[in-house]
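Reader: I would like to learn how to read a structure of this kind. Please show it and take me through some features.

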Amino acid sequence: MTSTKKPDGLTIFSIVVTILIIIPIAFILVYGFAVYHSSIGFSSIVFKSIALTIFSSSIAAFIVFLLFTPLAYHISRLSSSAMETISDISASIPHPIVGIAFLLIVSPLTPFGRFLISIGLGLFDSIPGLVTALAFVSAPVYIRAAQSVFSQNPSEPEILAMGLGLSRIKTLYRVVVPNSARLLLSATLTSMSRAISEFGSIAIIAYVILQFPFAGVMPASVLIYQFFGYYGLGPAVTASAVMILISIIVLLISRFIKGIGNNRSGV
Amino acid sequence: MFKALEVDIRKRLGEFELKASFNAEGMIHIFGVNGSGKTTLLKCLAGVIRVDSGTIVHNGIELTAIPIEQRKVVYLDRLSFFPNLTVEEHLSFLRVTEVEEIDEIKRIMGIDYKGKLKNLSTGQKLKVSLATSVLSHPRLILLDEISANISNAESTLNDLVPILRRQKTDMINVAQENSQTLEKNFTFNIVNGKITGVED
Amino acid sequence: MKSQKIIVIIVIVGLLAVGTGIGVHYYFSKSKSPLITYVADAYVGEANYLLNGYQNSTGNPVSPAIGGGSYTDAQKIGSGDPANVFISVALSPYSSHYLKDRYSGWAIAFASDQLVLAYYNNTTDYKIAMMLRQAEIDNNTSEFVSALFSITNKSNSLGISDPSTDPAGLRAWISLEIAGELYGHNESYFVNAVRQHHANVTRSSAAQLVPALETGEISFLFIYKSAAVHSGLKMIELPAKMNFGDTDLSSFYSEFNYTTVAGLQKGSPVLLYITALANNTLATDSMEFVNYTLNHRSELSTFELKPLQHPELFNDTTPPVEILSLISSHELVYSGRID
């Protein structure tokens, strides 16, 4: 890194576009906390809803980590463009379509839906449904992030492990994942952030949760949209500000963990 | 003449072509300048790189199509170690090795240090990796220019010979130059992907 | 390498050309900004029919109707969404409370609809629906109660849209109150049954519950008849006192009420209202479209809507001259205030 006294053109341009990203967020925070400061925005209904969102997003992120780490590893080592493209699909289709797809899959119209219902696993307006949709839409974010983590790692320890007789999957869990634990955790948190921000699919498949312990609770994004319909700007903006604050905290934790990883690897 | 290791392979990588044909066993030393194809040869033998044609046979078993994890051929270069494991964890990586065997190899190789691998010097790391490889009883151990990073590398390798012989493990040590101190059974020179025997 | 570069350049240029082409086409083809209509989402089809007719007869450009729950639409318009005309299925969304500086002070009811009970087409749900219909035909109160009870006591099976965002949901709850009063033991009989058995499934509008009914996630849905018909749903009609479809029963409906986040809401007939919003960028076009709608309301019967013989004006302020002339020609009747 070279230190320059005067920022160059690229730096100035980067600062300007960063500000463009910050503006709407800053507006929500300022108006939410300072201008409107609506009491409904701070009510228990909002906090329950944020709790549901954090809970479901973290479970979704954990499931994504478990299920998609092998795929991300596989793609990063064998560069299968077909698998890569497929894993990107859910990121490139409008999310209401994801919601509609799940509604169809889990409905009594399909054999799979009938099977799920017969074993008592209804996904409609339920926590499993919410988590499934969140996992689906946040998976590409994780796969991309994890893939770049794996690609940056040297492959020698893996070759050694396989030479010693470990299968690829054992190599993944005994060598690759422990070596990249921090960066993978950071990737998981990034995909959790994506899950927190989801609206389109869950407004269809899990608009409000009907079961204990979140009976009657809406995911935060749905609740905020609903508040806008009920009460107009004030409560919606205040609730949004609370939600944004929590999302920023998750992102900061993710950055912090990633930062530790970078510092260590530099030793 | 029958030897434990019989290699006759071809591999093209862009402009470069590896044409390696040799029979050998025991401690095998291969030397050549940068870009002569040493690493490519070792990676073909280990199964990391698939060969275009030819065969790799060890003690009558054809290894050419056997996947890397079943081949029992260990490839080591200076990044081949598990940074998050302690020395003890590293040596018992396969979870089946007897304590006595670990102790024996630690004594022979002078591994009297502890701690996580990532906190050790390069030479210390590579000694642990090499020991771990020997403990896995492989057919072949391939050392890709790691001697330069280990102090007294060649005497360490010489000390390992009885164990390697006992467990029928052959070893290929690759370096930039020929060695006078290594107790080797065969020596080869590799130039532009072609390998020729050298009489010591 | 060189051919790769050329392919990349061709793709980029191609994408830019398509994007620019679409932009240029729309920029020049619609030199005048189109009329934007917000509509209760059960009536998007009807609104688009009227808008197309209006565009064909006047040549003025229109945007496809934008649908949403009536109250949500009103909130959006009040928060600055660029609507010109607002078609709602309840009167209160026209109040200044919702519309703020877009509040026009008047709205005209031009067609009526009714609440029906749509059902999922499987054996069980069909049987219950038929039982309810038969009980109504036979005037058999105990059968009617038992059928309605089957509908209200099955968990997560009855679609009622959010009463705070969609008047259809509000009317559904009031309909259950009326059923309780008329056939059960008291007003809260069926409402309590729904609550106790967690029977209801909600969304911000009834239209958003249609896919859930079609896929069998829910068994029954309170929805307007026209919406049920054009969604191809199986349905049964409810008794007039429960369906809000009879304008002569207005005072009966208003004896019942339900509290939403906006406060106490009285029952009212299902009427489709229209207004040209205040502070309008297309004031003339908007008034023309209101007129067009009133003149062509009879065509709405193809959508299972009942056009009103005399459209009804609700106003808090003096309406525009175009409206006043309709009053004087007796095409429009004064019916009361908005707020």
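Reader: In what order do the elements of chain A run from the N terminus on?

Author: An element order is read along the chain. In this predicted model, chain A runs α-α-α-α-α-α-α-α-α-α-α-α. The count for chain A is 12 helices and zero strands.

Reader: What box do the C-alpha atoms of chain A fill?

Author: Along the principal axes, the box is roughly 65 × 60 × 30 Å. Chain A has 267 residues, and 45% of them are buried. Contacts can also be sorted by sequence separation. Of those in chain A between residues at least 6 apart in sequence, 78% join residues at least 24 apart.

Reader: How many residues of chain B are in contact with chain A?

Author: An interface is counted from each side. Here 21 residues of chain B are in contact with 15 residues of chain A. On the chain B side, helix H2 (68-71), strand E6 (73-76) and helix H5 (122-135) each supply at least two residues. E6(B) has the largest share, four residues. By class, this side of chain B has 13 nonpolar, five polar and three charged residues.

Reader: Into which domains is chain C divided?

Author: Domain 1 covers 32-111 + 271-336, and domain 2 covers 115-266. Their centres, taken over C-alpha atoms, are 27 Å apart. Between them, 15 residues of domain 1 of chain C are in contact with 16 residues of domain 2 of chain C.

Reader: Which element gives the most to the domain 1 side that touches domain 2 in chain C?

Author: That is H3(C), with three residues. By class, that side of domain 1 has six nonpolar, six polar and three charged residues.

Technical notes: Residues are numbered from 1 along each chain as its sequence is written. Chains are lettered from A and ligands numbered from 1 in the order in which they are written. This is a predicted model: local features need pLDDT of at least 70, side-chain atom pairs count only at pLDDT 80 or more; totals for chains, interfaces and linings use all residues. Two residues are in contact if their C-beta atoms, placed from the backbone, lie within 7 Å. Ala, Val, Leu, Ile, Met, Phe, Trp, Tyr, Cys and Pro count as nonpolar, Asp, Glu, Lys and Arg as charged, and the others, Gly among them, as polar. A residue is buried if 20 or more other C-beta atoms lie within 10 Å of its own, exposed if 12 or fewer, and partly exposed in between; C-beta atoms are placed from the backbone. Domain bounds come from an automatic or database domain assignment.
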